[in-house]
Amino acid sequence: MAGPARYREPRPLLARGPQRPGLEAEVEYRKRQLPWIPRRTGLWNPCACKSYQDFHAFDLSGATRVLEWIGDKGVFVAGYESLKKNEILHLILPLRLSVKENQGLFPERDFKVRHGGFSDGSVFDLKYVPDTRLLVTSGLPGCYLRVWQFAEDSDVIKPVSTIAVHEKEGNFWPRVAVFSSVAPGVLHGARLSDLKIVDLESQKVTYSSGISDSEELSSLQVLDADIFAFCCTSGHLGIVDTRQKWAPLENTSPNLGSGEERWCAEVRGMDQGPGSCIASLGSEGQLRLLDTRDLCHPMSSVQCPVSTPSPNPELLRVSWAPGLDNCLAISGFDGTVQVYDVTSWDGMGIQVEPLFTHRGHIFLNENKMDTAPQVTTHTWHPCKPRTLLSAASDASLHVWDWVDLRASC
């Protein structure tokens with residue numbers, strides 16, 4: 001293939017099917033449908049170079065809400081448009097972004113498509129099952145999860161099974177997390193009442209909340225082989241030990257400001273900094289830090305300088321840096337990703353300023369007016385401390401390594 005090209009709309013899979021019967025023909029046919037989509041577009045603003053150790057911008061064929069790592073050199077993306085087939089792609093990072101230090105020029109500057117497939121519905125969440133070749137996706141319609149498989153000797157991601165869920169209402173869809181073990185389990189639920197763990201192989205339910213609380217979930221996170229955390233859109237947080245019946249450590253009355261504010265959260269693991277801590281982010285820019293041993297009394301509560309309340313709170317994201325003590329990032333308010341150092345946060349209701357703001361998804365139109373797509377998701381590189389990937393609603397994908405002007409974080 002003669003280098004990267006702009007995305008070409010794939011022909012419908014049923015329009016011109018394989019001419020030879022059998023799986024081999026299907027694989028060969030689907031391989032021809034995979035577009036070479038990531039396209040490097042260069043620096044957005046040369047004047048901003050001093051703020052970045054490295055910066056790369058790419059175009060995807062469509063916007064993604066998924067950036068899921070597989071190892072430290074590959075990432076999955078997936079489309080979320082309604083009423084069309086959406087691609088699920090396993091992309092390999094350019095060689096320049098895979099080395100630990102800048103070693104000059106490299107011939108390969110673009111992502112490569114390693115595996116790809118198509119989903120009939122939108123993909124809002126995707127989880128890779130560690131040490132397997134399986135993926136689990138969730139989206140709309142929300143009446144099932146889909147399990148996918150990719151092989152070493154093929155570049156096709158193909159559906160292999162579904163997991164039924166009970167959510168039948170409107171636009172609700174199950175949040176997903178994966179227990180990694182000899183027998184992997186899928187944690188899923190759209191509401192607390194239907195939260196359960198399903199054995200991936202047998203599809204038997206191994207744990208369920210067994211409660212009637214219909215609060216909508218915003219995020220789920222597996223913490224170890226037996227424990228997971230949940231966050232409801234109301235700000236209700238809980239940590240659950242699956243070795244016992246439903247009795248979470250929780251903040252039952254969060255009292256988090258306006259009743260219309262929506263929340264998401266992420267737990268910092270013991271290996272990510274000094275002590276386990278939950279960062280809880282509200283759609284109006286409020287950010288709270290809580291000790292996992294006491295979820296009723298926040299250690300601090302700050303107001304982040306967001307331009308506007310999140311226009312789509314489902315895109316809110318807060319994430320702890322795996323390689324930096326006390327650093328986290330937030331997105332989902334506009335076209336930016338903000339990085340914070342929480343080391344000195346010890347007050348309630350204080351205003352804080354970001355350590356760094358990535359504005360690369362914002363551009364100027366001919367009238368010099370800001371036209372900012374909303375950042376749909378971001379993720380930290382698992383090995384490079386200050387490298388992040390971020391995606392936006394205009395289908396842009398950025399890989400950036402920010403400079404800490406304080407010289408230490």
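Guide: In this predicted model, the charged end of arginine 65 sits over the ring of tyrosine 80.

Visitor: What makes the charged end of arginine 65 count as sitting over the ring of tyrosine 80?

Guide: The distance to the ring centre is 5.7 Å, and the cut-off is within 6 Å, together with a position within 35 degrees of the ring normal. Arginine 268 likewise has its charged end over a ring, that of tryptophan 320, at 4.7 Å from the centre.

Visitor: Why is the aromatic pair of phenylalanine 124 and tryptophan 173 called edge-to-face?

Guide: The planes stand at 65 degrees, and angles over 60 count as edge-to-face, so the name applies. The centres are 5.2 Å apart, and rings pair if their centres lie within 6.5 Å. Phenylalanine 124 lies in the loop between E6 and strand E7, whereas tryptophan 173 lies in the loop between strand E10 and strand E11, 49 residues apart. Both residues are buried.

Visitor: What is the pair of tyrosine 340 and tryptophan 345 called, and why?

Guide: This pair is edge-to-face too, because its planes are at 65 degrees, where over 60 is required. The ring centres are 5.8 Å apart. Tyrosine 340 and tryptophan 345 are buried, which means under 20% relative accessible area.

Visitor: Why is one side of strand E3 and of strand E6 left without a neighbour in the sheet?

Guide: The open sheet has the order E3-E4-E5-E6, with antiparallel pairing. E3 and E6 stand at the edges, so each has a single partner strand.

Visitor: How do you know that E5 and E6 pair?

Guide: They are joined by 7 bridges, and at least two are needed, so they pair. In E6, valine 113 stands opposite leucine 91.

Terms used
Residues are numbered from 1 along each chain as its sequence is written. This is a predicted model: local features need pLDDT of at least 70, side-chain atom pairs count only at pLDDT 80 or more; totals for chains, interfaces and linings use all residues. Side-chain values use heavy atoms; hydrogens and water are left out. Helices (H or I, at least four residues) and strands (E, at least two) are DSSP runs, numbered from the N terminus. Rings of Phe, Tyr and Trp (its six-membered ring) pair if their centres lie within 6.5 Å; planes under 30 degrees apart count as stacked, over 60 as edge-to-face and the rest as tilted. Buried means under 20% relative accessible area, exposed over 50%, partly exposed in between (1.4 Å probe, protein chains only).
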